[in-house]
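Please consult the sequence and structure shown here alongside the text.

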Amino acid sequence: MIFLSLFSILPSLFVFVTGGKLPEPEVKVEVIHKPLMCYRKSKYGDMLLVHHDGFLESNGTLFYSSRIHGDKNPVWFTLGIREVLKGWDKGLQNMCTGERRKLTIPPSLAYGKEGKGKIPPGSTLVFDIELLEIRNGPRSHDSFREMDLDDDWKLSKQEVKEYLKKEFAKHGYSPNDTHHEVMVEDIFNNEDEDKDGFISAREFTYQHDEL
């Protein structure tokens with residue numbers, strides 16, 4: 001499991017095919033309730049605590065509810081690292097604590113042609129999801145050292161790019177995709193506080209010292 005916020009690898013963003021790539025189907029997002037005050041919005045790498053109800057779109061059958069089934073407790077997961085359905089990773093970004101959303105997820109971003117348990121093959125799923133809490137996702141010292149190829153205690157854009165290539169290759173995706181350049185720029189825009197062109201060990205971990 002990769003414990004990085006904006007460094008999390010997001011294979012759900014890309015579908016590679018011979019000679020190019022096809023756009024993934026979209027998740028339909030409907031906001032059921034949004035609090036008046038929103039002090040923080042969810043982003044990739046955050047840990048989210050949610051209650052959820054899952055339905056088959058075809059006939060409205062409830063196949064799972066965290067309030068009814070199992071231990072009846074809400075569930076924690078890290079957004080953006082494929083701990084959950086691809087459709088959740090896509091549809092729960094920029095969500096406020098206390099917000100409820102209805103996600104309509106096509107089969108390719110859910111359980112696909114195979115299905116799972118009570119879910120028939122090729123099913124479009126509908127989820128009613130309430131976000132109860134957002135926490136900073138953990139980052140590890142070991143992860144920083146793995147990325148810091150020249151041991152100078154700061155990350156260059158090239159080091160981050162090499163790390164992304166390696167992690168994409170691990171997941172079976174092209175190590176030379178042009179999206180890496182865009183991802184590196186996004187990472188530095190958010191993580192390089194002093195804008196010196198490097199991400200220091202402090203900038204990498206400062207938000208997570210409480211963990």
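This is a predicted model: local features need pLDDT of at least 70, side-chain atom pairs count only at pLDDT 80 or more; totals for chains, interfaces and linings use all residues.

Beyond residues up to four places away in sequence, Val27 touches Gly87, Lys90, Gly91, Leu103, Thr104, Ile105 and Leu109. Pro106 is 79 residues from Val27 in sequence, yet the two C-alpha atoms are 6.9 Å apart in space.

## Aromatic pairs and cluster

The count of aromatic pairs comes to three. In one of them, the ring centres of Phe63 and Phe127 are 5.8 Å apart and the planes stand at 90°, so this pair is edge-to-face. The pair links distant parts of the chain, with Phe63 in strand β5 (residues 62-65) and Phe127 in strand β8 (residues 125-135), 64 residues apart. Phe63 is buried at a relative accessible area of 11%, and Phe127 is buried at 4% relative accessibility.

Phe127 also pairs with Trp88: the ring centres are 5.4 Å apart with planes at 90°, so the pair is again edge-to-face. Here Trp88 belongs to helix α1 (residues 86-91) and Phe127 to strand β8, 39 residues apart. Trp88 counts as buried, at 6% relative accessibility. Together, Phe63, Phe77, Trp88 and Phe127 make up one aromatic cluster.

## Lysines over ring faces

Lys154 lies over the face of Phe198, 4.1 Å from the ring centre. Lys157 lies over the face of Phe188, at 5.7 Å from the ring centre.

Definitions and conventions
Residues are numbered from 1 along each chain as its sequence is written. Side-chain values use heavy atoms; hydrogens and water are left out. Contact means heavy atoms within 4.5 Å. Rings of Phe, Tyr and Trp (its six-membered ring) pair if their centres lie within 6.5 Å; planes under 30 degrees apart count as stacked, over 60 as edge-to-face and the rest as tilted. Helices (H or I, at least four residues) and strands (E, at least two) are DSSP runs, numbered from the N terminus. Buried means under 20% relative accessible area, exposed over 50%, partly exposed in between (1.4 Å probe, protein chains only). A charge sits over a ring if NZ of Lys or CZ of Arg is within 6 Å of the ring centre and within 35 degrees of the ring normal.
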